Amino acid sequence: MITCSAPGKVYLFGEHAVVYGEPAICCAVDIRTRINVAPADSIIISSSLGTTGIDFEVHPYVSAVVERFQNMSSLEGVSISIESEIPVGSGLGSSAAVTIATIKALDSLLGIGLELDDIARMGHEIEQRIQGAASQTDTYVCTMGGVVMIPQRKVLDLIDCSIVVGNTNIFSSTKELVANVAELNEKFPDVVGPVLSSIGKMSVTGEELVNAKDYVSIGKLMNINQGLLDAIGVGCSELSSFTYAARDSGAYGAKITGAGGGGCMVAIAPHELVGGVAAAIASAGGEVVVTKATDIGVRVESL
Ligand code: PMV
């Protein structure tokens, strides 16, 4: 059996603005999806959702990866099992992680030898096929790991502080939120345009701060970023209450991560205060994941 894993991700700066060509900074986080593969007579895909063959309803991403490998090799049967620590549909990159880890696992099983760039590209094409549209961000960061400035794909220093994610468990549609921002931008271009470019400037300033390991300033900038995300209508009361809870209990800074409207927020905090920050978000009603940045992208865990 071969086991491969891939990480989730958070946005430190720049979601939504990145859709308008502004830079963003993403960080791979140490919550992972693991894929086990073994030779079998037929296609068997199992997860907490059940056991299926190729099935685009239950296991769309893994099914698409299997079809892709069937087109480029003589793959007839394989048993694939999925174990994920990444909450599904919450903006933490769960679909990218399952896609990328499955590509790496089948690549290893079949001895094809894909490069990381090929894996990221194939993962993006599969996300596009399943979702209709997808940015390259999640698949790229999850393949490479680390802190990455996009669209430049510049790798920054790893951040060395605690990362706390607060999940509202409120479903949010990235497509809908991106459309809402576009509508607001069409209605008030002179107002919303500068907000989006200001968010982009935070990523530029953030790059220097990440490399300088100035977490106090990064946190302040994340708080400003949160204010601007609220201004363009992608906040909600739960996200606000979790971000304030995190800041009030000693986080350097806190903001929405991803599309907003629900989904998750992220706080960065000194290691020694992380317990209090996690407890504050939990008592405000959030489902909490305490994690850290990781420079380990997709990898083979065991052969
Ligand atoms: O919630 P997520 O992880 O799908 O992130 C969405 C990020 C946006 O900038 C809002 C959209 C995008 O495609 O970049």
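What follows is a quick tour of the domain interface in this predicted model.

On the contact itself, domain 1 puts in 25 residues and domain 2 puts in 39 residues.

## Buried area

How much area do domain 1 and domain 2 bury between them? It's about 2600 Å², and 70% of that sits on carbon and sulfur atoms. On the domain 1 side, three residues stand out: Phe 13, His 16 and Tyr 20 supply 27% of the area this domain buries against domain 2, more than any other three residues.

## Polar and charged pairs

The rule picks up two salt bridges across the interface of domain 1 and domain 2. Separately, Lys 255 forms a salt bridge with Glu 15, with the closest N and O atoms 3.0 Å apart. Polar contacts across the interface come to 10 residue pairs.

## What domain 1 brings

Which elements give two or more residues to the side of domain 1 that touches domain 2? They are strand E1 (2-13), strand E2 (24-39) and strand E6 (147-150). E2 has the largest share of that side, with six residues.

Sorted by class, the side of domain 1 that touches domain 2 has 17 nonpolar residues, alongside four polar and four charged ones.

Note on methods. Residues numbered from 1 in each chain as written. Predicted model: local features only at pLDDT ≥ 70, side-chain atom pairs only at ≥ 80, totals over all residues. Heavy atoms only, no water. Contact = heavy atoms within 4.5 Å. Buried area = accessible area lost by both parts, 1.4 Å probe. Salt bridge = Lys/Arg side-chain N within 4 Å of Asp/Glu carboxyl O. Polar contact = N/O pair within 3.5 Å; in protein donor to acceptor, adjacent residues only side chain to side chain. Helix = DSSP H or I, 4+ residues; strand = E, 2+ residues; numbered from the N terminus. Nonpolar A, V, L, I, M, F, W, Y, C, P; charged D, E, K, R; others polar.
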